[in-house]
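Hello,

Here is the structure we talked about passing on. Please open it first, then read the notes below.

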Amino acid sequence: MAALTESVRLETTTSNGVDVALVIVDNPPVNALSWHVRQGLFDGVNQAVADGARAVVVICDGRTFIAGADISEFGGSAPEAAGLPEVQAAMEDAPVPVIAAIHGTALGGGLEVALCAHYRVAVSSAKFGLPEVNLGLLPGAGGTQRLPRLTGVPKALEMMTSGRHIPTGEALECGLIDEVVDGDLAALRAAAVAFAERAVTENMPLARVRDRNEKVAEAKGNTELFANFRKSIARRTRGFLAPEYNVQCVEAAANLPFEEGLAVERKLFVELLTGTQSAAQRYYFFAERAANKVPGIDKTTPLVDIQKCGVLGAGTMGGGIAMNFANVGIPVTIVERDQAALDKGLAVIRKNYERSRTSTPELVDQRMSMITGSTDKADFGDCDMVIEAVFEDMELKKTIFRELDQICKPGAIMASNTSALDVNEIASVTTRPESVIGMHFFSPANVMKLLENVRGDKSSDSTVATAMAIGKKIGKVCVMVGVCPGFVGNRILFQRRIEADRIILEGATPAQVDRVLYDFGFPMGPFAMSDLAGLDIGWKQELSKGETLRDLMCESGRRGQKNGRGYYTYDPETRAATPDPEVEQIIKDFAIGKGIEQREVSDQEVLERCLYPMINEGAKILEEGIAIRGSDIDVTWVNGYGWPVYRGGPMHWADSIGLAEIVEKVKGYNDSLGGRHWEPSPLLERLAAEGGKLSTHAS
Ligand code: T1G
Ligand code: NAD
């Protein structure tokens, strides 16, 4: 055994007289292609050949094969080392068979390395993908030219623009791998060495993927194929640059010789790598992983073992929350106040399962069998965690928590799904506030990835750690926040709403505001969102006196999408939204009644007045320590409120504009418009003065 670099070693073994060299990568946590890995691979393959090995196996220690280039090295100053193309040439042009032995995830540059082996062997649990598009990139080490040569063009297009990790069965079927092994790393090693021996004894060809053109030839000049594919992903990839660049590379693979295709790939890769979108998406990659980390909480913090969960309230949120636990095999008891409400709630859950794309009758029954309905809270007695999702009313929630305090077993976690109420006040009515925490899911709770965990003043480390761990287990992106009205997400949303409601009184139209935010990258603007949620949430006809625009909208019979009339009118067939001149008149009259002058409002002003108060509020949230770090605010808004990930999030975006510019504008609007939301955050001013950043600020 010879150590080549700090993370790669060379071992040799003999299999029935055939000398096989193993180049072994060991670079935890995910064997990323850091400089010393690339150098080690290069040295390893060359030395193995020089030492007379009859075959070479490239394999990794730890939990996975190479999961890609080392993203943390991008834009950094890693020491000089062999480049990936050199490593790949050493493998591809080796005079002996090179076998890639894959377990865990072969992703990005890792799969591109494997594609330069002559053969690929994998364990049955392995996954394969080129997810660079999720980083605003494309496979920059030949993957765009080699993958379609193995899988064919349609498969490569789908994999590269979705970033999907495909399982072994699919990989074998599409020709990506040559052999599957059941078992662990040791079984993989043995199988790869046996395959290498066979490759030698049976004189198997040194098949270079780059030379296999038959599958790409099928798509040569087929402009319709690419046009149809572009159409099929247009909606999902709106605003992103990388998906189109990936398609252009596959087009080059179909229409150009390998080397020319490689040149197209290189050019487009560098364009993306040096652009703002990939910088934002790479920032976001690490931001999402950082959000998992709560200071003072680590692997030694005791967790409550959630074997059974309870949900109180089977309404809009309760039902979705229950599905999350059932989906990961945790039995759920869901309790409603009466049988009718329970039956209605369970019926909605079943319908949601039935209409999901991946559902089968067996799966629906299996999931429903994990959910037990009841109208008796005493059935929460054996639950390890109970999540309350009843009406947003403090007195009701306090009554509920007093009852849960009596019912729940010692050590059980009692969580509230409140969207804005004071978790400390709710906890204060129990004898065990240390076991109380906010777990704020987003609607629809079985779909939205974000989970805002709200730490009360008395929530214990164990309660906090358990909420983060169980959140990850049910597939959520968790952010830990402190107690304040609206927590992080809604509190920032409120600021945008204030200005959106104000600017339409000054002459901007709801459609203009929505278009500006839609073009910015949000799935929809605030007024279309109101129409979707319903204009009458919390509105009481008997109390309505036409004092607010919302009163006037509701008094005019508008309820939003649900009755086809809101800020827009909705086509009953297509649901298409059309701006409603009557609404614009209602707004104008209301504004004039308030003595507010109408004027031309520019799109830039709309953008600044909707987004800058959000940034200012984010800084205030950091000042108050409600968020642990600036990037958590970005994770909240990207996952919970549709902030376009290719802009990183409100904090990253503010940094990209420059905080001095933001402060100057905030002060300007504070002078001209006023309102607490325009009072500049001292932290924002300080960071602007010091050249600091919001996204990397930690409270
Ligand atoms: N580079 C650097 N660090 C990485 C990394 C990478 N590629 N992948 C993961 N990490 C770190 C991560 O930050 C975390 O650190 C720890 O590893 C565990 O990750 C030329 C240009 C492999 C499926 O996009 O999808 O190749 O927080 O918490 O949930 O064409 O990580 O513990 O300090 O996510 O088990 C393409 C990215 C790169 C794959 C494991 N590859 N990684 O998931 O663990 S671009 C990717 C993942 C490229 C070439 C191009 C996932 C995972 P820390 P984790 P996990
Ligand atoms: P909902 O009105 O759809 O459902 C509430 C359910 O609670 C109803 O089915 C009701 O019968 C039940 N309920 C009321 N009192 C009860 C009691 N004493 N015992 C048992 N069940 C009882 O409301 P929702 O939208 O699901 O909201 C629930 C909670 O989640 C609220 O605190 C809300 O603020 C929060 N929330 C809502 C959303 C959203 O978008 N709807 C998002 C995040 C958080």
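Strand β14, helix α16 (residues 394–407) and strand β15 form a right-handed β-α-β unit. Keep in mind that this is a predicted model.

Start with β14, residues 385–388. It is covered on both faces: Met-385 and Ile-387 are buried on one side, Val-386 and Glu-388 on the other. The strand has parallel partners. Four bridges tie it to β11 (residues 309–312), and four bridges tie it to β15 (residues 413–416). Glu-388 sits opposite Leu-312 and has Ser-416 as its bridge partner in β15.

Now the charges. The structure holds 47 salt bridges. Lys-397 pairs with Glu-392 at 3.7 Å, N to O. Lys-397 is buried, at 1% relative accessible area, while Glu-392 is partly exposed at 39%.

Asp-603 and Arg-515 meet at 3.0 Å, N to O. Asp-603 is in helix α24 and Arg-515 in helix α20, 88 residues apart. Arg-676 and Glu-617 form a salt bridge, with their closest N and O atoms 2.8 Å apart. Arg-676 lies in the loop between α27 and α28, Glu-617 in helix α24, 59 residues apart. Glu-617 is buried, at 0% relative accessibility.

There is also a salt-bridge network: Glu-499, Arg-502, Glu-506, Arg-599, Glu-605 and Arg-609.

Beyond its neighbours within four places in sequence, Asp-655 contacts Lys-693, Leu-694 and Ser-695.

Best wishes

Technical notes
Residues are numbered from 1 along each chain as its sequence is written. Chains are lettered from A and ligands numbered from 1 in the order in which they are written. This is a predicted model: local features need pLDDT of at least 70, side-chain atom pairs count only at pLDDT 80 or more; totals for chains, interfaces and linings use all residues. Side-chain values use heavy atoms; hydrogens and water are left out. Contact means heavy atoms within 4.5 Å. Buried means under 20% relative accessible area, exposed over 50%, partly exposed in between (1.4 Å probe, protein chains only). Helices (H or I, at least four residues) and strands (E, at least two) are DSSP runs, numbered from the N terminus. Two strands pair if DSSP finds at least two bridges between them. A crossover is right-handed if, with the strands pointing away from the viewer, the path from the first strand over the helix to the second runs clockwise. A salt bridge is a side-chain nitrogen of Lys or Arg within 4 Å of a carboxyl oxygen of Asp or Glu.
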